[in-house]
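Please keep the sequence and the structure in view while reading.

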Amino acid sequence: MGARVGVVLIGMALAIAQAGAQEQVRVEVSPLGAVRFRFPDGVTADWFQAAMGAEWAYANWWDGLMVEGNGQDLFTVGQRTQLPVRNADDKVLDLFAQFAKVEGAPEVLHFTYRFSAPEATRLNTAYIECQLPAEQFVGAALQAIDGPACAPVLPAEAVEAQSHLTDGMGSGLAAADGTSHGIWVQLDQPKWCIAVDVRVWKQPWFALQFCALAAANGTTLAKDATAEISGNLVFACPVKLPEPETRTPASSLVGETLQWSAADGAGLSLQNAKGERVAWFHPLFGGGDAKPARLKEEVREGPEGRRIRLEAEWVGRREAKLSLKQTALVKDGALEIEAELVGDEAYDGTPIMRFLTLPRKHFDGCTATFVSEGAPSVALASDPLGGNVIGRAMARGLRIAQGDTPLIELEADAARCWMIYAFEESFGVAECLLGNPLARHGYGTSGNPCASKLTCRAGRQGDR
């Protein structure tokens, strides 16, 4: 690990002896790949991937798409995600990320982040960021390792013209060294390192940034080219890696007879043998900024089953008109939804989504697996980092199971952006059909018509 890290480890060993063997830095992880380090007294530091496209257009882990693995896999075989690059014509960076314990050094984690470009992509930076809450880190020591001049401490007050506390090539950064909140980042190879007082932009934290790629005037990462950053994270006490939590829903659906029903009209639902709703589609698609819709509904019984036709027209952002024609057919307990959704070219607002609600009492602790080549999966639980979106991927659908028991299978006619939400009383599954599914990022083109088909089954695994 090098002489410098060796000296650090000696110092950290003394700190550990003083702190006591029971103290640990606990690691929490989001399925989208962000990591939270929780110090013994509960203070936290967040660590995640980010990129800035042309004109410093920012995107981070929150905008990412899962490709293979989930947050737990960061600490074993690694996780693959995609990170959108804003102001880059909807291009993305592929990212492989992995952590490993360092033998004989329980307070050290080795990290590797490898960015690559499926297509030539113009950007300013691709980097790892460590966010330190200002309230707990004000006055803490700051150090640039083999780097440029550096402010000696994280300042008490933000100064607009002094947002960058250090900025240049170096072997890493350290903050709060000698305290229980100490975090020392020693890179394997010198990279551009930045410490920023983000309070200048009205955000309550400091940021340590470690760039795999950086160019003040922008640069192009060529097709299939890579930019990698790796090194050691050193703490003041041993690190405890996350462990998967096993939970059982308060009202399990295992052993229940489930079938899709159109008894609620446009509110299509999954029901148990008693006719009780255990999951349901919203009567209309999303679009929180749209004006109330005009609806026309027709229900017919026929030899194929119960068929529901729904037509809707409404007005979204910029007075853009949206129209929907949807047919739902329930047959032999399965549900098929065909829809044509058309929006004016002016529409660029809240995405229009097919949305399924899953009450926590039935689905808490279940596993949702995206129907895609990498088949990433998400445990239905609240995100430890506090976000509502706990999973996102380009996929043909989603399968939900409790343990080895399949509960719901959703499969579409084409790959689209699927998202999984965690709310206080429920989870949500959304298939994005039109609009902007990613915060701060225009992934896909608004205004284009979308013709879609979704097949919903209950209790069947199906062919992968």
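Two strands are said to pair if DSSP finds at least two bridges between them. In this predicted model, strand E3 (residues 44–53) and strand E9 (residues 121–133) pair in the antiparallel sense over 7 bridges, and within E9 the bridge partner of alanine 50 is tyrosine 127.

| Strand paired with E3 | Bridges and sense | Example of facing residues |
|---|---|---|
| E2 (residues 35–38) | 4 bridges, antiparallel | phenylalanine 37 and alanine 45 |
| E4 (residues 57–60) | 4 bridges, antiparallel | alanine 51 and alanine 59 |

Both of these pairs form hairpins. Between E2 and E3 there are 5 residues, and glycine 42 in the turn has a positive phi of about 95°, while the hairpin of E3 and E4 has 3 residues between the strands, with glutamate 55 taking a positive phi near 60°.

Is E3 covered or open? Strand E3 is mostly covered, since 10 of its 10 residues are buried. In a regular strand the side chains alternate between the two faces of the sheet. In E3 both faces are covered, with Thr44, Asp46, Phe48, Ala50 and Met52 buried on one side, and Ala45, Trp47, Gln49, Ala51 and Gly53 buried on the other.

Trp47 is also one of the residues with the most contacts inside the largest nonpolar core, which has 56 residues; the largest share of this core, 6 residues, comes from strand E13 (residues 205–221). Apart from this core lies another, of 54 residues, including Ala328 and Ile408.

Terms used
Residues numbered from 1 in each chain as written. Predicted model: local features only at pLDDT ≥ 70, side-chain atom pairs only at ≥ 80, totals over all residues. Heavy atoms only, no water. Core = buried A, V, L, I, M, F, W, Y, C linked by side-chain atoms within 4.5 Å. Buried < 20%, exposed > 50% of the residue type's maximum accessible area, 1.4 Å probe, protein only. Helix = DSSP H or I, 4+ residues; strand = E, 2+ residues; numbered from the N terminus.
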